[in-house]
Amino acid sequence: MGSYAKRALVTGASSGLGKAMAERLVAQGHSVVGTGRRVDDGAVANGVILVRMDITDEASLHRGVQEALKRMGGIDVLVNNAGLGIQGPAQDIEPGLTMRLLDTNVLGAHRLCRAVLPGMRAQKSGLIINITSVAANFGLPYRAFYSASKAALERYGEALAIEEERFGITVVNVQPGE
């Protein structure tokens, strides 16, 4: 692997934007472990090594990060892409579903950061990319809690960027459009 090539962990890589990002990184010469809750552990799809991981489950998350470290020898880039979306009138959304959404979209990203930051700090470099949404900028009708979760992830990323800069780690938020 050349000096340009990075080792990337991409969550939510079994479909959609996460899958596209993981495959693009591989096409550019990077090593990529992509995660999903329902992937065949260890399978390789278009050059992406798939690892089963549920970011809301500490044991699953730590097992997945350890597997990524074993397969790639380190993690230079973390793409926090895994997420959950709910929609409907705010008054109709059950608190339990809201907690699940926040646990996935905000705390899941935080759990992953906690798991990979020690290694990034030790190597004095790293990049964390939080995939948020344009919905973080305003409350979308019928997607109130999704908007709130993405806004929370944005603020988390902004604070983390300041905290980790002195360790050579860059944290950015990316807001794909709806």
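The residues lining the largest cavity comprise six nonpolar, six polar and one charged. The model is a predicted one, and the exercises below are worked on it.

**Exercise 1.** Describe the largest cavity: state its volume, which residues lie nearest its centre, and which helix gives the most to its lining.

*Solution.* 
- Step 1. Start with the volume, which is about 50 Å³ for the largest cavity.
- Step 2. Turn to the lining, made up of 13 residues. Those nearest the centre are N80, N81, A82, N105 and A109.
- Step 3. Assign the lining to helices. Both α3 and α4 supply at least two residues each. The greatest contribution comes from α3, with five residues.

**Exercise 2.** Find how many cavities of 30 Å³ or more the structure holds, then describe the lining of the second largest cavity.

*Solution.* 
- Step 1. Two cavities reach 30 Å³ or more.
- Step 2. The second largest cavity contains about 30 Å³ of space.
- Step 3. List its lining in two stretches of numbering. I86, Q87, G88, A90 and I93 are among the lining residues, and Y142, R143, A144, F145 and Y146 also belong to the lining.
- Step 4. Sort this lining by class: seven residues are nonpolar, two are polar and one is charged.

**Exercise 3.** Is strand β6 mostly covered or mostly uncovered, and which strands does β6 pair with?

*Solution.* 
- Step 1. Locate β6 at residues 126–131. Taking buried as under 20% relative accessible area, five of its six residues are buried, and the strand is mostly covered.
- Step 2. Look at the pairing with β5, residues 77–80. Four bridges join β5 to β6, and the two run parallel. Within this pairing, L78 faces I128 of β6.
- Step 3. Follow the chain between these two strands. From β5 the chain passes through helix α3, residues 95–123, to β6, in a right-handed β-α-β crossover.
- Step 4. Look at the pairing with β7, residues 169–174. Six bridges connect β6 and β7, again in parallel. Here G126 stands opposite I169 of β7.
- Step 5. Follow the chain onward. From β6 the path leads through helix α4, residues 144–164, to β7, and this β-α-β crossover is right-handed.

Conventions: Residues are numbered from 1 along each chain as its sequence is written. This is a predicted model: local features need pLDDT of at least 70, side-chain atom pairs count only at pLDDT 80 or more; totals for chains, interfaces and linings use all residues. Side-chain values use heavy atoms; hydrogens and water are left out. Buried means under 20% relative accessible area, exposed over 50%, partly exposed in between (1.4 Å probe, protein chains only). Two strands pair if DSSP finds at least two bridges between them. A crossover is right-handed if, with the strands pointing away from the viewer, the path from the first strand over the helix to the second runs clockwise. On a 1 Å grid over the protein atoms alone, a cavity is a set of points where a 1.4 Å probe fits but cannot get out, and a pocket is an open set with protein on both sides within 12 Å along at least five of seven lines; lining residues have an atom within 4 Å of a point. Grid points are joined across faces, edges and corners, and a volume is the space filled by probe spheres set on the points. Ala, Val, Leu, Ile, Met, Phe, Trp, Tyr, Cys and Pro count as nonpolar, Asp, Glu, Lys and Arg as charged, and the others, Gly among them, as polar.
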